[in-house]
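Me: Could you walk me through a helix pair and some salt bridges, with the criteria behind each label?
Reply: Happy to; here is the model.

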Amino acid sequence: MDMNTIEAVVPTTDPALWRDGDAWLAGGTVLFSYGSTVLKRLLDLGEANWPAVTVTDDGIELAATCTVAELYALPASEEAAHREWPGLALIRPSCDSFVASFKIWNMSTVGGNICTGLPAGPMTSLCAGLDGVATILSPDCSSRMVPVADFVIGDMQTVLAPGELLRSIHLPAEALSARVAFRRLSLSNLGRSGVLLIGRLDPVFGLVITVTASTKRPVQLRFPAGKVPDARTLADAVERSIPWPLYHDDIHGLPAWRRDMTLKLAEEIRAELMDESMTVSGDFWPPHATSPQPSTQPENPGSQKEASHGN
């Protein structure tokens, strides 16, 4: 961390206080790790006291300040456990996709990860995949709503104007109620996501496949109910929807590999949701005992080991 230009830390949630040289501070895990030589003030959301998670019949409201740890706990919470929302199964593998320690999980926030605008941002993947809608507060006291799928517009680029603040993300019950599938690939066992796809299938709303990590911004493919594509049609749709320049290119994966794996994982998701014969690729789905990620491990590994030995 190198931020020796900071002159003040101001506890506030009011975008009207914004001025040039300011940055919003939530968990700070990215802001402090990147450092800055130009920032003058940090507008600290640490005392915002926004409810991290609010569950209603309409869906889930996530405060931008909700931590990864708080989100990870949601599927087992009293508020969510009785809901018939298959989409809750996406939360833990998405959190696992940070490939981070518990220290980061307890500081890093959902909103901060989305606002960073990284192609591999797993909270962008999750919220875009569930048709999340972001509420944005502006310095002129107005607010606007933007689908999370449209929030990130490029590598570390978002729709936020100077001074705007991401307040919350709403995950609608309609999306949470759909069948879901998750696939993620990385070049290394504990590497940043190179490809991350989320699929949903609903008898009313049809098939939705959200492509992230392999592309510079989220890309969604939507097929109406009754018109779910076959393998060839899906591959053609992926090729049309993602032009070559849109594939991300960095040390975590070349564009050619990302394209090939996007096509592969999209077909796996289609086949899984259509109950067709399929293969399974990826790091976290379905759960397997060799994964280092918490959500893939059995609740009581010791008892399973004993059972496997006939005790």
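Reply: Ala231, Leu234, Ala235, Val238 and Glu239 in α10 meet Arg259, Thr262, Leu263, Ala266, Glu267 and Arg270 in α11, where contact means heavy atoms within 4.5 Å. By class, this contact has six nonpolar residues, one polar and four charged; Ala, Val, Leu, Ile, Met, Phe, Trp, Tyr, Cys and Pro count as nonpolar, Asp, Glu, Lys and Arg as charged, and the others, Gly among them, as polar. This is a predicted model, in which local features need pLDDT of at least 70 and side-chain atom pairs pLDDT 80 or more, while totals for chains, interfaces and linings use all residues. Residues are numbered from 1 along each chain as its sequence is written, and side-chain values use heavy atoms, without hydrogens and water.

Me: Why is α10 called oblique to α11?
Reply: The two helices, residues 231–241 and 255–273, pack at about 140 degrees with axes 10 Å apart. Angles under 35 degrees count as roughly parallel, over 145 as roughly antiparallel, 65 to 115 as roughly perpendicular and the rest as oblique, so α10 is oblique to α11. The angles run from 0 to 180 degrees between N-to-C directions, with axes fitted to C-alpha atoms over the stretch in contact. Helices here are DSSP runs (H or I, at least four residues), as are strands (E, at least two), numbered from the N terminus.

Me: What makes Arg270 and Glu267 a salt bridge?
Reply: Their closest N and O atoms are 2.8 Å apart. The criterion is a side-chain nitrogen of Lys or Arg within 4 Å of a carboxyl oxygen of Asp or Glu, so Arg270 and Glu267 form a salt bridge. They sit three residues apart in helix α11, about one helical turn.

Me: How do you know whether Arg270 is buried or exposed?
Reply: Its relative accessibility is 5%. Buried means under 20% relative accessible area, exposed over 50% and partly exposed in between (1.4 Å probe, protein chains only), so Arg270 counts as buried. Glu267, at 24%, is partly exposed.

Me: What makes Arg232 exposed?
Reply: Arg232 has 53% relative accessibility, so it counts as exposed. Its salt-bridge partner Asp236 is partly exposed at 32%.
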